[in-house]
Every structure is written in structure tokens, then in C-alpha cells.
Amino acid sequence: MGHLLADIEKLRVDRGVDTWLVFGMSWGTTLGLAYAENCPERVIGLVLVGAALGRPSEVDWLYKTIAPLFPEHYERFIAGLSTPEREQVVATYRQRVEDPDAGVRAEFARRWTEWDW
């Protein structure tokens, strides 16, 4: 997670912001909390929506329990994945958003965001 916190701090510095209100939603709540702990002097407040800490039970809920409630959305999310990839959907998506090909990264980041939104 350290590299993600460094990215947030780089964004703050690059934009010339001294202190800011940090907004996080879902996984962003975890990042927001971690950033605030790491850089408390830079955070004037937190807005955290749909807090998720990434516990296994939360991951299972998002990718297994509620998937049947939104079959069309979930089908778009897993479209093109092989059966073994569908069994390890989070690991598969993580690999794809770290792919050397920028087009693959962008496509899977977009699809992951659409599912998680």
C-alpha cells in the first residue's frame, strides 16, 4: 500500500496543495484512512463513504454474494475471463491493471470501477 500512499502524496505536491479534505469510497476509504495516518499534517478532514477495509468477508460479499443480484453488471465485469480467471477474479483484475500494456490497464481499471461503483 506504500506505493499508493506515495502516489496520493505526489498528486498533492504536484498540484501545489498544502492541506486537503480527503474523500474515499469503498476501497478508497482504506486508502484515505491510511493516508491520514501517514500524513496527518496534510489532512484537514475525511469524508469516507461505504467504508471497506478489504477483509476477506468484504471481498467475498462484493464479488460473490451480491453478484447474483446484478447479473447483467457482473456478466460485463467478468466478460472475456476464462473459468479459472473467474474463480480468482480479484487476482485476475489486479494482474490486468498492472499489465505492461496501457490499453489493457485502462480497460480493466474502467471495468473494475464500473462494477465497484
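Select Ala-36 and show what surrounds it: leaving aside neighbours within four places in sequence, Ala-36 is in contact (heavy atoms within 4.5 Å) with Val-43 and Leu-46. Ala-36 sits in helix 2, residues 27–38. Helices (H or I, at least four residues) and strands (E, at least two) are DSSP runs numbered from the N terminus. With a relative accessibility of 16%, Ala-36 counts as buried. Buried means under 20% relative accessible area, exposed means over 50%, and partly exposed lies in between, for a 1.4 Å probe and protein chains only.

The model is predicted: local features need pLDDT of at least 70, side-chain atom pairs count only at pLDDT 80 or more, and totals for chains, interfaces and linings use all residues. Residues are numbered from 1 along each chain as its sequence is written, and side-chain values use heavy atoms, with hydrogens and water left out.

**Helix 6**

Now pick Thr-92 and draw a distance to Ala-36. The two C-alpha atoms are 29 Å apart, and the residues are separated by 56 positions in sequence. Thr-92 is one of the buried residues of helix 6 (residues 89–97); the others are Val-89, Tyr-93 and Arg-96. Look down the axis of helix 6: the buried residues fall within an arc of 95°, so they line one face of the helix. That arc is taken from the directions from the helix axis to the C-beta atoms.

Turn to the face of helix 6 pointing away from the buried side, and you find the exposed residues Arg-94 and Gln-95. To see what covers the buried residues, show helix 3 (56–65), helix 4 (71–78), helix 5 (83–87) and helix 7 (102–116), which are among the covering elements.

**The second largest pocket**

A pocket, on a 1 Å grid over the protein atoms alone, is an open set of points where a 1.4 Å probe fits, with protein on both sides within 12 Å along at least five of seven lines; lining residues have an atom within 4 Å of a point. The space in this second largest pocket is about 150 Å³. Grid points are joined across faces, edges and corners, and a volume is the space filled by probe spheres set on the points.

Which element gives the largest share of the lining of the second largest pocket? Helix 3 does, with four residues. Helix 3, helix 5 and helix 6 each supply at least two. Colour this lining by class and you get six nonpolar, one polar and four charged residues. Ala, Val, Leu, Ile, Met, Phe, Trp, Tyr, Cys and Pro count as nonpolar, Asp, Glu, Lys and Arg as charged, and the others, Gly among them, as polar.

**The largest pocket**

Next select Ser-26, Trp-27, Gly-28, Trp-112 and Asp-116, which lie nearest the centre of the largest pocket among its 40 lining residues. Two or more lining residues come from each of helix 1 (2–14), strand 1 (20–25), helix 2, helix 3, helix 6 and helix 7. Helix 7 gives the most, six residues. The space in the largest pocket is about 1500 Å³, and its lining has 25 nonpolar, nine polar and six charged residues.

Zoom in on Ser-26, in the loop between strand 1 and helix 2. Ser-26 is not a glycine, yet has a positive phi of about 60°. Most residues other than glycine have a negative phi. At 16% relative accessibility, Ser-26 counts as buried.

**Salt bridges**

Finally, show the charged side chains. A salt bridge is a side-chain nitrogen of Lys or Arg within 4 Å of a carboxyl oxygen of Asp or Glu, and the count by this rule is ten.

- Select Glu-9 and Arg-12: their side chains form a salt bridge at 2.5 Å, N to O. Both lie in helix 1, three residues apart, about one turn of the helix, and both are buried.
- Select Asp-18 and Arg-42: this salt bridge is 3.7 Å, N to O. The pair links distant parts of the chain, 24 residues apart, with Asp-18 in the loop between helix 1 and strand 1 and Arg-42 in the loop between helix 2 and strand 2 (43–49). Asp-18 is exposed at 56% relative accessible area, while Arg-42 is partly exposed at 25%.
- Select Arg-55 and Glu-58: their salt bridge is 3.1 Å, N to O. Arg-55 is partly exposed, at 47% relative accessibility.
- Select Glu-107, Arg-110 and Glu-114: salt bridges link these residues in a network.
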